[in-house]
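Hi everyone, thanks for coming. Let me put the sequence and the structure up, and then I'll walk you through what I found.

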Amino acid sequence: MDRRAIAAVVAPFLCLAALNAHAQGGAGVGVDPALVKIGFFYGGRKVTVRADMPFFDDAVILVTGQRKDLTLQKKGKRAGVLWMNVGEVEYKDVPAIFIIRSSRPLDKIASPEELKRLGLGYDALEDQVTTGADQHARDLYPELIKLKEKEKLFSVRDDGVPVGPIVSPRLDLAYFFLPPKAPRGEYQVKVFAFNDGKGVLAGEGELTLQFSSGVQFIYDMAKNRGLLYGVLAAAIAIVAGLATGFIFGGKGETH
Amino acid sequence: MGFHIYLPIAGNSINLFLLLGLGGAVGFLSGLFGVGGGFLLTPLLIMIGIPPTVAAASDSNQIVAASTSGTYAHARSGTVDFAMGLLLLIGGIVGGTLGVRLIKLLRATGSADFVITIFYVVMLGSIGSYMFYDSIRGLRGRPEPEPRPPTAPRPSIYSRLVSGLPFKMEFKRSRISLSAITPLFLGALVGVLAAIMGVGGGFIMVPVMVYLLRMPMHVVVGTSLFQILFTCLNVTVMQSWMNHTVDFLLALMLLIGSVIGAQIGARVSKRLKADQLKVLMSVIVLVVMVKMLYGLLAHPEILLSYKGGH
């Protein structure tokens, strides 16, 4: 076999091995900003992801948040015609957010098995959240996705990620939008590199979402001093109502 | 992202002008008809991404402001019957407490949602239809009464029952005389319904005052607002204390809009005839009923929802 042919065959494996070693060596992913403060005028935040990735055909970014069990109401028909809540379904370890950005549609990047192995895509998530769940929960899994997508907490899109190779460690790789409904907490940002349909974790980063001091003050008061908070809220509402009534005045005539 | 405000208890950020506009529109209706507007605003808030429990509780807080503003405007006009309002309020508190126990019982049997929804549609449908029919008749001019027979017509069972009750009181503002038991009982009845339906009850109280207490429409609006003010005051404090579901920033944005809207509504109310007010109110009640009915019959967009809310 010709030397060039051997190089062509071996090169992708070498690249993959290099990437793997790179990932295992703890290659970081730059997340900018790494700390997002929720102030009074917060309306979500665009987050840029930077990574050091020498060679790849495709890249996929996965953003997930804290996981917790979720109980939802399911709708069904009563009396044959009326749609209403007819029971509950439970899902396990549902992430606060599940955002995927990729250089191409996921099914064009890798096989379903490979995507599942890496935890990428809604099919992979289904296995995670419906483990031990009843058949109703499994049947209604697409509805869970619809509900979360409506809130912009879940999204899988093939935009915002350039196709490699990327050579500079500080180059902007991609971006995603942190939705306003994302709860406070720690978020994991993972970058996967794909070559010939095989993916490796190229790096991981973290993002923290927390309240600003003003928002935190109101939140703490509502949660820890509910009675005082309620009395103040009611008092402010009465003063506002009276003040407006006073400002607007009125001559006292009736119709 | 511009002009958004973050609501810490709701855990979401919403466009500032949308909240001001919603508050203004509902405040206007509140001042115009003497209803709190909870039956309209809570579903709208849920629609724009506020969790149901937070929407219902914060709505009560903003209704405190709107009804204070409206009551103030009506009190200056001399159109609040405080005595009647107080009796309805006492009845409402007793009925509300009974209603809360009843709903707990229904929840335990698993049929609460079904009962509440059916209740809503039937109540809204019957109240709205009757008000619409009656006000249209009034606007067209009621037909001349036929020549009276030599003997006086037999009063209805309801009239006979009410006139036979003890503890008669004069309600000067309303220009009526009836037993204190009547408003106490009707207030309790509305309180039970309001607790079951999870609303302030203004849209049930107004027809009750008009048709069962026979109060003049312009006094009904002010008196209803007076009663709603105290009901919602209680709900705001209790929800904040027990469930921590009042989002003050949400309520603040809504109330800025609603107090202004309530003042405008109260002024417009004075320029409209009683039957015009009733026909508008009935149309709104019927529109809400049709929307609810559609929601019951049409295939839902998503077959899962979060727990809580009405």
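When I say helix or strand, I mean a DSSP run, helices being H or I with at least four residues and strands E with at least two, numbered from the N terminus. With that, chain A has eight helices and 11 strands.

Quick housekeeping. This is a predicted model, where local features need pLDDT of at least 70, side-chain atom pairs count only at pLDDT 80 or more, and totals for chains, interfaces and linings use all residues. Residues are numbered from 1 along each chain as its sequence is written, while chains are lettered from A and ligands numbered from 1 in the order in which they are written.

Okay, the sheet. Strands pair if DSSP finds at least two bridges between them. In chain A, six strands make an open sheet, ordered 2-11-10-4-7-8, with mixed pairing. So which strands stand at the edges? Strand 2 (35–38) and strand 8 (154–157) of chain A do; each has a single partner strand, so one side of each has no neighbour in the sheet.

Look inside the sheet now. Strand 4 (residues 58–64) and strand 7 (residues 98–102) of chain A run antiparallel and are joined by five bridges. One pair to find on screen: Thr64(A) has Phe98(A) in strand 7 as its bridge partner.

Next, the inside of the protein. A residue is buried if 20 or more other C-beta atoms lie within 10 Å of its own, exposed at 12 or fewer, and partly exposed in between, with C-beta atoms placed from the backbone. Of chain A's 255 residues, 32% are buried.

Contact means that the C-beta atoms of two residues, placed from the backbone, lie within 7 Å. Take Phe192(A): beyond its neighbours within four places in sequence, its contacts include Ala59(A), Val60(A), Leu118(A) and Val200(A). Among contacts in chain A between residues at least 6 apart in sequence, 72% join residues at least 24 apart.

Last stop, chain B. How many residues of chain B are in contact with chain A? The count is 54, and they meet 55 residues of chain A. Helix 3 of chain B gives the most to that side, with 10 residues.

The two chains also share strand pairing: strand 5 (residues 67–78) of chain A and strand 5 of chain B pair antiparallel over two bridges. There, Gln73(A) stands opposite Ser305(B).

That's my tour, thanks!
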